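Open the model in your viewer and keep the selection tool at hand. The stops below each give something to select and then say what is there.

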Amino acid sequence: MVDHTFRMNGEVNTPLSSGFAEKVHRDWVKSKNPEKILTCKQTNDVSIFVNKSLCCRLTSSNVIFSWDFIILTRGKHLQRVALTLNQNRKNFALREVIYNSNEIGITNGQEWYNSKLKMLNADGNKREEVHYFIKVSFVANKYGTYRQNVIFYFGGYPVFLQRICMDCLPTEDFTRIDEATNYQFSQNPNMWNTETTMVYWFKSPFVPPKDPKEKLSMIYPYPDRNNFFLTQESLTDNCLTPENYRGRLHELITVEELARHEQIARYNETSYMRLLNHYVLTSAGDASTIAKYAPPGELFAQLPLSRSISEDTKSGRLFLRGCNKVLFKCLSRSSNAIFEAHIEDKYAQTVYVRLSKECVHTLNLVANSDLHVQVQFVLNRLPSCEWHKAVDSLPDVGLVFLNEAHMDMKEIGFMDLLSRDISNVRLSLLNIEQKRALAMITASTEISMPPILLLGPFGTGKTFTIAQALLLLLAKSTEHKILLCTHSNSAADLYVKEFFDVWYKSEKIPRLKPVRIYYKGRAKNTVHPVVQEYSLMNDNGTFRDPTEEDLRDCGLVVTTLATSSCLTCLNLSFTHIVIDEAAQALECEVLIPLALATQRTRLVLAGDQMQLAPEIYSDLASERGLGVSLLERIYGMYPETHPCRIHLHQNYRAHEDIIRFTSEMFYDGIVKPSSNLLVKHPVLKPLTFYAVQGMEVQDAHSTGYANMSEVYELVTRVQELRNSWPVEHWGTYNEKSIGVLAYYAEQVQRIRAELREYRLSDVSVERVLNVQGKQFTAVFISTVRTRYCCRYSAERNVKDYGFLTNPRLLNAAITRAKCLVAVVGDPIALCTIGSCRNLWQRYLDVADLHGVDRGTLKRHVNLLPELPLTSPLNPLAKEFVPRSKNVFMVESLGINDWKPARFESSPSLNISRTLFSNTLTYWNNPTHSGHCITCASRTKKNKEE
């Protein structure tokens, strides 16, 4: 950074004429290594201390306060100090900077400059320790939360940041807010201090290096009592406002991170690790076996867990996707050193970790021995840090709020404007609302306009309308540069495969060729070959981040919200930013691409608020609105007749029966079928149900469940449909013809394995969490859970049973189908367990039932006892068998309870095929009424699963 001379003449309410703070912020946003521009960490040559807490709370509306910063430097001189937040500038002021007992430099209250710098550099010793004293004052005459950032510049990057906050609140609110803060921290066990303790960080050439963005933690350190407390801004203010926007979002993100850390910390324990040269993984799902061998110098370790990892629980789901590291202390050594290990594989009761060469050498570890350790599992903080950065990188809060002119905006001839520029789009394909959306999106950017909201349930043509608008924009002007972001990769790929690949190859217009940006760690074989043609890749076939040269002549960039962060370091500006699946993303996630927006950027938000939503772990953050998407929040601000609030209601994707059911159950009846009705199957009805009496099983290593009865029944029905595919009704069979959906990964594996045996590998089998944006002619849904699972846990929201307890999950699955929805499951479980039971009761009322009649089903449902007031015994709990050998004690920290665990793996479940192939299966009920449920009869030689 080059230092320039400047004159101090600004007023406290206006941006400083020097632009110093603005330049630091701009460089920080654009840097690939933002921690090298700005840091909160002390270094060897700069230490910063403060006489009071950075975050203070006072019970007064008239406050005079100050913070005194003491800076110790070695070989550096303080050159500038600045307050960076425009909000609340009149409440904060730089009062003085003292050096050698003398006040030095010049200041306007918001920025200080060392005017004696040349003299100090000439006289000073380069290794001399220098002390500075800086006073920052605060004045307020009303209650409120006041924040300010102070940056210290020593002639080069990084600039040192200190965040200060004063919360002035009534006495009656003090106790409530203070207790709320204490409660947030009381739920989390103390983490080991890696700043003051010797840590051996994990390094291995066989594991990808840490993401460089993890260094954002130097700017957004882990929250503790020294840098965070809750304020009235979050607990008292009713909603987000332009004034509290950044501060409140930062607080809610922090509260959410604390809640996630608490979930992961539940697995902390004191235990014994079995050290191994190799281990073998077996999967009952696809009968595969994988052996892993440690390279020379490294070792693996098998770590038993004091609590199981389950896809049914919040903590289990978070552990599976958000925990890849573990810290441990060796209790059999006198050293207090901390070692980091990489989690290699995760199973229900065990994790396997990789120990680095340095760890093995330092502790002198050998294979086939046991190590007594205390363990802390580490939450991946990168998502939280990126959300914080997105909040700070938003160039203007006004981008996500409405001004008075926007609120009163009237529709002014946009349709006339559209009709003159519509040569590339066939208007006959669009309904009136789609035409209005097209007109608004493609209107001149010279017209000031708030965010355009395009809301539409499944199949109403959101994707089609957006694609047509982008086509028109790209053909209309070479000045248009569009960023299209989605929440999921599957939705982003859909735009490339279904629209722009076709248009580019038929029209041969370079402007229509999109650039698809993937996360650089994505495996190539998981990406569709068509999409690979438009993706940025290295010569070795790995994906890479874009350069300015890659995007200089590109009109359309397609990526996900998370991956769009790689664009902020480039000198790019977009005329249009379009965000699809905006209702499925947190507001702070949507802010990531908005770092590239300007006042003239046209912002489009599209989505379906009844599809899958992100999981919020903090009840407080959820109650205060962190789970509300930007699309939903802005939707609530618009008047009903606002031209930028566009609803699509006509469904073009599905059969009328499917539309009617989903419209009534999820969308209050607003979704209507179009005139282009799809044809139903000549035999099967659009809504079909196959009753199966089975048992959910959990493999020894699995974190989820499988139901083999449903697997066999489902594969039978898929095979029947495939063999008699109605080409004259549904067209030629292809990869998008049949989709099979399940909630549990274990069930997906077993269905895939069974389909392969019948040479049905062209049937798509997916977890329902991964099918956003996809559609199939026929969809089969495996619900897995049976009436033997715990009703109490489902009703008390202790556990999540997928399609039984999550209405949005069920909606996402059903709305993937165009002509046929075929559900395979236990009807008694569906009608009696979980928050979706009323939805399932309605489905069974209107569906074509196979294997059970409605009278029988009703009688069995009526025989079910009422839900107990207290937690009953779990009928699926594993039998306790005392073991006399190979027993190791596992202590769960915070719980004075010891549990035995064995290290050898349990044998795979051996299930006879004929067990599930009975033609007549009676419901196992003590008060059996003599009625039966029929299942498809299948004969095949016994096989071990």
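Select Thr73 and then Val130: Val130, in strand S10, is the bridge partner of Thr73. Strands and helices here are DSSP runs, numbered from the N terminus, with at least two residues (E) for a strand and at least four (H or I) for a helix. This is a predicted model, in which local features need pLDDT of at least 70 and side-chain atom pairs pLDDT 80 or more, while totals for chains, interfaces and linings use all residues. Residues are numbered from 1 along each chain as its sequence is written, and side-chain values use heavy atoms, with hydrogens and water left out.

Two strands count as paired if DSSP finds at least two bridges between them. Both belong to an open sheet of five strands, ordered S2-S4-S10-S6-S7, with antiparallel pairing. At its edges are strand S2 (46–50) and strand S7 (102–103), each pairing on one side only.

Next, select Asn88, in the loop between strand S5 (80–83) and strand S6 (92–99). Its phi is near 65 degrees, a positive value in a residue other than glycine. Is Asn88 buried or exposed? At 17% relative accessibility, Asn88 counts as buried; the term means under 20% relative accessible area, with exposed over 50% and partly exposed in between (1.4 Å probe, protein chains only). Compare Asn364, in the loop between helix H7 (357–363) and strand S21 (370–378). Phi of Asn364 is near 55 degrees, again positive in a residue other than glycine, but at 62% relative accessibility Asn364 counts as exposed.

Go to Tyr157 and Pro158, which are joined by a cis peptide bond with omega about 5 degrees. Pro158 lies in the loop between strand S11 (144–153) and strand S12 (159–168).

Now show helix H5 (residues 245–265) with helix H8 (residues 382–393): the axes are 10 Å apart and the packing angle is about 180 degrees. That makes H5 roughly antiparallel to H8, a term for angles over 145 degrees. The axes are lines fitted to C-alpha atoms over the stretch in contact, and angles run from 0 to 180 degrees between N-to-C directions. On the H5 side, the residues that meet H8 include Leu249, Ile253 and Glu257; those they meet in H8 include Trp387 and Val391. Contact means heavy atoms within 4.5 Å.

Turn to the aromatic rings. A search of the whole structure finds 30 aromatic pairs. The rings of Phe499 and Trp503 have centres 5.7 Å apart and planes at 50 degrees, so this pair is tilted. Rings of Phe, Tyr and Trp (its six-membered ring) pair if their centres lie within 6.5 Å; planes under 30 degrees apart are stacked, over 60 edge-to-face and the rest tilted. Phe499 and Trp503 are four residues apart in helix H13 (residues 489–507), about one turn of the helix. Phe499 is buried at 13% relative accessible area, and Trp503 is buried at 15%.

Tyr504 lies in helix H13 and Tyr534 in the loop between helix H14 (529–532) and helix H15 (548–551), so the pair ties together parts 30 residues apart in sequence.

Definitions and conventions: Angles under 35 degrees count as roughly parallel, over 145 as roughly antiparallel, 65 to 115 as roughly perpendicular and the rest as oblique.
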